[in-house]
Amino acid sequence: MAQKILIVEDEVNIAELLHLYLEKEGYETQTAPDGGKAVELFRSFAPDLVLLDIMLPVMDGWSVLKKIRAESKTPVIMLTAKGETGDKVTGLEQGADDYIVKPFETKEVLARIHAVLRRTGGESESGGEKKLAFDRLVINLDAYELLVDGKRVDTPPKELELLYHLASAPNRVFTRNQLLDEVWGFDYFGDSRTVDVHIKRLREKLEGISDQWSLKTVWGVGYKFEVGTP
Ligand code: CA
């Protein structure tokens with residue numbers, strides 16, 4: 001199940017850029033060109049995160065944020081124009097989780113989205129927990145538990161951390177070196193075969209459980225936790 005992002009932006013070029021980029025990164029997105037449509041889509045699309053422009057037709061970003069906060073804690077990242085310095089303070093006071101100043105780099109947007117989703121607990125309902133849920137699978141890094149259909153599968157800590165790392169950014173490809181740095185740490189002396197061995201063991205545990213996700217090898221690059229059919 002891909003995480004869903006609602007893009008609220010009236011500038012067509014920016015909306016389209018974000019849409020294409022985030023879909024490529026494995027998110028499911030919908031775009032709203034005005035504040036009214038934003039509130040409507042927030043309810044029907046039920047996003048995991050909202051990117052919210054401030055200057056919008058029909059209803060501005062502040063009013064949209066207020067309506068969202070009246071009914072949910074879904075993370076919201078405000079998109080503010082350069083020079084509107086007061087926006088940051090106002091936004092955070094009114095319950096926004098972060099803000100990005102336009103013009104921005106798409107890479108920065110992605111980094112903010114990852115950070116906010118990680119901080120707010122991503123898809124999990126419990127908020128703040130390091131827990132990811134997929135079809136028949138729960139990866140819980142707080143309890144260091146891997147659950148398949150609610151039953152615990154014995155998994156060494158590093159395997160679990162590796163799986164959690166991959167699954168926290170579904171469909172994103174990680175190189176072996178990235179995984180070594182990010183999961184094992186910079187000072188680890190192992191080589192990239194370490195990653196391969198751990199992936200192999202994880203695959204043995206996870207084989208045939210669901211057709212909605214899988215640990216994929218991307219030849220010549222690395223690995224990804226693939227969700228849904230591309
Ligand atoms: Ca605007």
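Are Trp-213 and Phe-225 buried or exposed? Both Trp-213 and Phe-225 are buried, where buried means under 20% relative accessible area, exposed means over 50%, and partly exposed lies in between, with a 1.4 Å probe and protein chains only.

Before I go on, a word on the basis: this is a predicted model, in which local features need pLDDT of at least 70 and side-chain atom pairs count only at pLDDT 80 or more, while totals for chains, interfaces and linings use all residues. Residues are numbered from 1 along each chain as its sequence is written, and side-chain values use heavy atoms, with hydrogens and water left out.

Strand β1, residues 4–8, is mostly covered, with 4 of its 5 residues buried; strands here are DSSP runs of E of at least two residues, helices are runs of H or I of at least four, and both are numbered from the N terminus. β1 is joined by 5 bridges to strand β2, residues 28–32, and the two run parallel; two strands pair if DSSP finds at least two bridges between them. From β1 the chain crosses through helix α1, residues 12–24, to β2, and this β-α-β crossover is right-handed, that is, with the strands pointing away from the viewer, the path from the first strand over the helix to the second runs clockwise. β1 also pairs with strand β3, residues 49–53, in the parallel sense over 4 bridges. Leu-6 stands opposite Gln-30 in β2, and Leu-6 stands opposite Val-50 in β3.

Next comes an open sheet of 4 strands in the order β6-β7-β8-β9, with antiparallel pairing. Its edge strands, each pairing on one side only, are β6 (131–134) and β9 (151–152). Within this sheet, 4 bridges join β7, residues 137–140, to β8, residues 145–148, and Leu-137 stands opposite Val-148 in β8. Helix α6, residues 157–167, lies across β6, β7 and β8 and runs at about 110° to β7; contact means heavy atoms within 4.5 Å, and the angles, from 0 to 180 degrees, are taken between N-to-C directions of lines fitted to C-alpha atoms, for helices over the stretch in contact.

The other open sheet I will describe has 3 strands in the order β10-β12-β11, again with antiparallel pairing. Here β10 (174–175) and β11 (213–218) are the edge strands, each pairing on one side only. Helix α8, residues 193–206, packs on this sheet, touching β11 and β12, and its direction makes about 150° with that of β11.

That brings me to the rings, where a search of the whole structure finds 2 aromatic pairs. Rings of Phe, Tyr and Trp (its six-membered ring) pair if their centres lie within 6.5 Å, and planes under 30 degrees apart count as stacked, over 60 as edge-to-face and the rest as tilted. Phe-134 and Phe-225 have ring centres 4.8 Å apart and planes at 55°, so this pair is tilted. Because Phe-134 lies in strand β6 and Phe-225 in strand β12, the pair ties together parts that are 91 residues apart in sequence. Phe-134 counts as buried at 9% relative accessibility, and Phe-225 counts as buried at 0%. Trp-213 and Phe-225 form a stacked pair, 5.7 Å centre to centre with 15° between the planes.
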